Amino acid sequence: MYGTDGCLVKCSSFPCATPKNDSKDTSTTINLDHGDPTMYESYWRKMGNKCDITFNGDDSLSYFANGKSLCWFLESKLEKQIKRLHNVVGNAIVDDHYTIVGTGSSQLMQAALYALSPIDQLEPISVVSATPFYSEYPEMIDFVRSGLHKWAGDARTYEKNGVYIEFITSPNNPDGIIREPVVNGDQGKLIYDLAYYWPQYTAITSSANHDVMLFTISKCTGHAGSRIGWALVKDKEVARKMTKFMEISTIGVSKEAQLRAAKILELISDGCLDPNMENFFEYSQSLMTDRWKRLRQVVMANDLFVLQNYPLQYCLFTKDSFESHPAFAWLICKGGEEEDCEKLLKEHNIQTRCGRRFGSDSRSVRISMLSRDEDFNIFLQRLMAIQGPTNGN
Ligand SMILES: Cc1ncc(COP(=O)(O)O)c(C=O)c1O
């Protein structure tokens, strides 16, 4: 399938908004609003052409994949590499689950909502998640105004009887906390969003084994632009309905993207098993550890903000104990309730996402920890320069 003189799909580095050896002038805003995982470019640049793949003109024309999966558009190479990586890392049970591929896990969220929503109810089913929740859940649900489901807000205050859907994001976006279901109902349908359950962010404490689990290459390897996510689903009927949703919305998922993702996952698993290769998770974990250490030093020094603390946990993958290093910092202004942390940081040319978007308040903001080095360094410099009424001005 991969001819040598075909069209080369290179893991090439795209132009940086902030070129190396060039510093942004002070008026340029550093955008840490999105969790855009450009931090990982440095690793993939070092990998050079190791994950290049080629396609001949006559490759991948069919809508259908060759595999025997219930998900008829899932490339068997990708399925194999997804299962292999979960087995290598030990973060999820794959054997008794169906694998469904999506255009990012964002599409799979909608597919899961569709598949879990009863069609025989007079009212749309309520969808909840505990605050602070991933801001896309309400945005995505309210946007489509489906007759099947509706956003019902904070899971902690949800008290209605009957069926409901709860998103459990663990580690959580925005605050990095390891989560369990919150609603105490017996008719809950649970969607585990495990986008960040990888060793660079948190200790792998057990193999997750839930009915519906969502993962994404965006946060695992940093290849957000490939738009590949996958769901591991226990129930055959739910898996079938999710596949149907994908069929109706996009008639499958790009084969080029799937095969590139398969190659990247293969390289990562190889790197975990071969001591002569650079282990991706060790590399990214050390970057995250360093960033978090430096951020905590700055926050402690200017005494205006509070950061979430994380417990020391033993990681079955690294065989080591460490604190989580989440993909986002959840920063809270120490001032009173009237504080607007997003506004304060914006005045210092740091773009973040306001806590209100996550069902919380404006004292808190979410800050991406996944930017390129140069942006992260400028962010720390600017944060350090902020002074409160008591320590300067
Ligand atoms: C918790 C969580 N789930 C899902 C996604 C979506 O990922 P994808 O790029 O695969 O659509 C994100 C992206 O930020 C996320 O933070």
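The centres of domain 1 and domain 2, taken over C-alpha atoms, are separated by 24 Å. These domain bounds come from an automatic or database domain assignment. Domain 1 is made of residues 7-47 + 280-385, and domain 2 covers residues 62-273. Residues are numbered from 1 along each chain as its sequence is written. The model is predicted: local features need pLDDT of at least 70 and side-chain atom pairs count only at pLDDT 80 or more, while totals for chains, interfaces and linings use all residues.

The two domains touch. In the model, 33 residues of domain 1 are in contact with 32 residues of domain 2, where contact means that the C-beta atoms of two residues, placed from the backbone, lie within 7 Å. On the side of domain 1 that touches domain 2, two or more residues each come from helix 8 (280-302), strand 12 (313-315) and strand 14 (328-333). Helix 8 gives the most to this side, with 5 residues. By class, the residues of this side are 19 nonpolar, 10 polar and 4 charged. Here Ala, Val, Leu, Ile, Met, Phe, Trp, Tyr, Cys and Pro count as nonpolar, Asp, Glu, Lys and Arg as charged, and the others, Gly among them, as polar.

Next comes the protein as a whole. It has 10 helices and 17 strands; these are DSSP runs numbered from the N terminus, with helices being H or I of at least four residues and strands E of at least two. The radius of gyration is 22 Å, close to the 21 Å that the globule rule gives for 393 residues, so the protein is as compact as a globular protein of that length. This radius is taken over C-alpha atoms, and the globule rule is 2.2 Å times the number of residues to the power 0.38. Along the principal axes, the C-alpha atoms fill a box of roughly 65 × 60 × 40 Å.

The ligand has 13 residues around it, of which Gly-104, Ser-105, Ser-106, Thr-216 and Ser-218 come nearest. A residue counts as near if its C-beta atom, placed from the backbone, lies within 6 Å of the molecule. Helix 3 (residues 104-116) gives the most to this shell, with 3 residues. The shell has 9 polar, 3 nonpolar and 1 charged residues.

Last is the confidence of the prediction. The average pLDDT, the predictor's confidence in each residue from 0 to 100, is 92 for the protein, and 92% of the residues score at least 70. Over residues 1-22, pLDDT stays under 50.
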